[in-house]
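Hi there,

My notes on what turned up follow below.

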Amino acid sequence: YAVNDGGGAVYKITDTTPTGYYETLTSGLYAQIIVTDNMNVKQFGAKGDGTTDDKNAIQNALNTRSKIIIPESANPYMISGVVQVYNDVSFYGTLKMIETTGLAATSCLLIQDYQDDKILHITNPLIDGNRDTTQAYERAGIEFSYGIDIKGSKNILIDGGNIVKCQGDSICINASTTNRWCENIEINNLYCDQPFRNCLSIVSGVDIRVNNCTMYNRNGYRCT
């Protein structure tokens, strides 16, 4: 995306407007990213500087349906709203919600109506819901923001990671308007702390397995 940004993308330069993700060069030509099986969010302009809203850049990466890496960064990747996952995601850097005036209920990661037979892996999710700077929204009753929101999906594996300070639940497993329940969801070796509501809410699901996880709730709700 930019020289020395650590992305390592390869582009096709063209003089006609491409389909898919591209950047317009100062020359007037277009640089279309060449999508491979493994991409990282910096190839789509994510900064990870603790200030820039990286939501659109991260969603552009996820929209490729490739396996996505969120690289290590000295500061978190700030996002102003939910990003939807379609394939495997591996975390080395942290996603952190931006405090926004008038913030509506919004989650960090959404997995919705994933029905593939292939297991979708969320590896080492590092998510900070930024609840310590959004207390006003708690008082307003905005408590349906989740670290990971799984709706009407099957064959999901969450392995490792830290999910902290979410406005609602750290993880919520529920139905969608298309699928009545989730199925075959496994959560291993995850640390959850300081959600406003529950560390894990299972509203609708079958064959949900939770192994070797550490969950703390200091706000009067239950861990699960």
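Where is the place of Asn130? Asn130 is in the loop between strand S12 (126-128) and helix H2 (135-139). Helices (H or I, at least four residues) and strands (E, at least two) are DSSP runs, numbered from the N terminus. Asn130 is not a glycine, yet its phi is positive at about 60 degrees. Asn130 counts as buried because its relative accessibility is 6%; buried means under 20% relative accessible area, exposed over 50%, and partly exposed in between (1.4 Å probe, protein chains only).

Before going further, a word on the basis for all this. This is a predicted model, in which local features need pLDDT of at least 70 and side-chain atom pairs count only at pLDDT 80 or more, while totals for chains, interfaces and linings use all residues. Residues are numbered from 1 along each chain as its sequence is written, and side-chain values use heavy atoms, with hydrogens and water left out.

**The whole protein**

The secondary structure comes to two helices and 21 strands. Of the 224 residues, 47% count as buried. Among contacts (heavy atoms within 4.5 Å) between residues at least 6 apart in sequence, 63% join residues at least 24 apart.

In H1, the buried residues are Ala57, Ile58, Gln59, Ala61 and Leu62. They pack against S5, strand S6 (77-79), strand S7 (83-84), S8 and strand S9 (95-97).

The structure holds two cavities of 30 Å³ or more. A cavity here is a set of points, on a 1 Å grid over the protein atoms alone, where a 1.4 Å probe fits but cannot get out; lining residues have an atom within 4 Å of a point. Grid points are joined across faces, edges and corners, and a volume is the space filled by probe spheres set on the points.

The second largest cavity has a volume of about 40 Å³. Its lining consists of Val41, Ile58, Leu62, Ile68, Ile70, Val83, Val85, Val89, Phe91, Leu95 and Leu109. Helix H1 (55-62), strand S5 (67-70) and strand S8 (89-91) each supply at least two of the lining residues.

Asn155 sits in strand S14 (residues 154-159) and counts as buried at 10% relative accessibility. Its side chain reaches the backbone oxygen of Asp116 at 2.8 Å. Not counting residues up to four places away in sequence, Asn155 touches Tyr114, Asp116, Asp117, Lys118, Ile119, Leu120, Glu183, Asn184 and Ile185.

Asn179 is found in the loop between S16 and strand S17 (182-188). Is Asn179 buried or exposed? It counts as buried, because its relative accessibility is 19%. A polar atom of the Asn179 side chain lies 3.3 Å from the backbone oxygen of Gly152. Leaving aside neighbours within four places in sequence, Asn179 is in contact with Asp113, Gln115 and Gly152.

Asp113 has a phi near 55 degrees, a positive value in a residue other than glycine. With a relative accessible area of 26%, Asp113 is partly exposed.

Val35 belongs to the loop between strand S3 (30-33) and strand S4 (38-40). Val35 is partly exposed too, as its relative accessible area is 45%. Leaving aside neighbours within four places in sequence, Val35 is in contact with Thr64 and Ser66. The C-alpha atoms of Val35 and Tyr11 are separated by 8.9 Å, with the two residues 24 apart along the chain.

Best wishes

Definitions and conventions
1 Å grid on protein atoms, 1.4 Å probe; cavity = no way out; pocket = protein on both sides within 12 Å on 5 of 7 lines; lining within 4 Å. Polar contact = N/O pair within 3.5 Å; in protein donor to acceptor, adjacent residues only side chain to side chain.
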